[in-house]
Amino acid sequence: MSKISYINQMNAFLERREVDCLPPSAVLIYLVLFKEFNKTKWKYEWLTLPTRKLTCLIGNNSASFLYSHRRILIELEYIQIRQSGSLRNRLTEYRLVPNIFLLIIDVLLIICLENDIILVK
């Protein structure tokens, strides 16, 4: 997650999930993915996680459970996935989508700082 504060990303996720009424299982999947990215110190934009490992981490060994709740995160643009390999040896890469509002705020703050503009509430 380059050029974005992961703390801001987490805070934005926690706020947005309330608006989107994410089910607890989708929240758990996002938080597990977030933790796995954090373990890598955010070195990679995409992280490969085998389905078996992710199902173990969320505490539900059903791949169909994972797929249905992961689909919610994809449709609401919390995450993106890329798949490669054969059906039998499929690898899934995950990407946490940066919160667009945070990107806009970051850009505005940089512009303000560079131009000595003071923001007043």
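This is a selection-by-selection tour of a predicted model.

**Before you start**

The model is predicted, so local features need pLDDT of at least 70 and side-chain atom pairs count only at pLDDT 80 or more, while totals for chains, interfaces and linings use all residues. Residues are numbered from 1 along each chain as its sequence is written, and side-chain values use heavy atoms, with hydrogens and water left out.

**Stop 1: the whole chain**

Colour by secondary structure. The protein has five helices and three strands. Helices (H or I, at least four residues) and strands (E, at least two) are DSSP runs, numbered from the N terminus. Read from that end, the order of elements is α-α-β-α-α-β-β-α.

Now colour by accessibility. Of the 121 residues, 33% count as buried. Buried means under 20% relative accessible area, exposed over 50%, and partly exposed in between, with a 1.4 Å probe and protein chains only.

**Stop 2: helix α2**

Select residues 24-39. This is helix α2, with 16 residues.

Show the buried side chains of α2. They are Ser25, Ala26, Val27, Ile29, Tyr30, Val32, Leu33, Phe34, Glu36 and Phe37. Keep the helix geometry in mind here. An α-helix has 3.6 residues a turn, so residues three or four places apart point the same way.

Step just past the end of α2. Lysine 41 takes a positive phi of about 60° there.

**Stop 3: α1 against α2**

Two packed helices are described by the angle between their axes and the distance between the axes. The axes of α1 and α2 come within 12 Å and cross at roughly 175°. That makes α1 roughly antiparallel to α2. Axes are lines fitted to C-alpha atoms, for helices over the stretch in contact, and angles run from 0 to 180 degrees between N-to-C directions. Angles under 35 degrees count as roughly parallel, over 145 as roughly antiparallel, 65 to 115 as roughly perpendicular and the rest as oblique.

Select the contact residues. From α1, take Tyr6, Gln9, Met10, Phe13 and Arg17. From α2, take Val27, Tyr30, Leu31, Phe34 and Asn38. They divide into seven nonpolar, two polar and one charged. Here Ala, Val, Leu, Ile, Met, Phe, Trp, Tyr, Cys and Pro count as nonpolar, Asp, Glu, Lys and Arg as charged, and the others, Gly among them, as polar.

Move to the loop between α1 and α2 and click on cysteine 21. Cysteine 21 has a positive phi of about 50°, although it is not a glycine. Is cysteine 21 buried or exposed? Cysteine 21 is exposed, at 61% relative accessible area.

**Stop 4: the sheet**

Select the three strands. They form an open antiparallel sheet in the order β1-β3-β2. Strands pair if DSSP finds at least two bridges between them. β1 and β2 are the edge strands, each pairing on one side only.

Check the pairs in turn:

- β1 to β3: two bridges, with leucine 47 opposite tyrosine 94.
- β2 to β3: six bridges, with isoleucine 79 opposite leucine 96 and glutamine 83 opposite threonine 92.

β2 and β3 form a hairpin with six residues between them. In that turn, find glycine 85, with a positive phi of about 90°.

**Stop 5: α4 over the sheet**

Show α4. It lies across β2 and β3, at about 125° to β2. Follow its loop to β2 and stop at glutamate 77. Glutamate 77 has a positive phi of about 60°, although it is not a glycine. Glutamate 77 is exposed, at 55% relative accessible area.

Finish on leucine 96 in β3. Leucine 96 is buried, at 4% relative accessible area. Draw a C-alpha to C-alpha distance from leucine 96 to leucine 73: it reads 9.7 Å, across 23 residues of sequence.

Definitions and conventions: The expected span of a helix is 1.5 Å times one less than its number of residues. Contact means heavy atoms within 4.5 Å.
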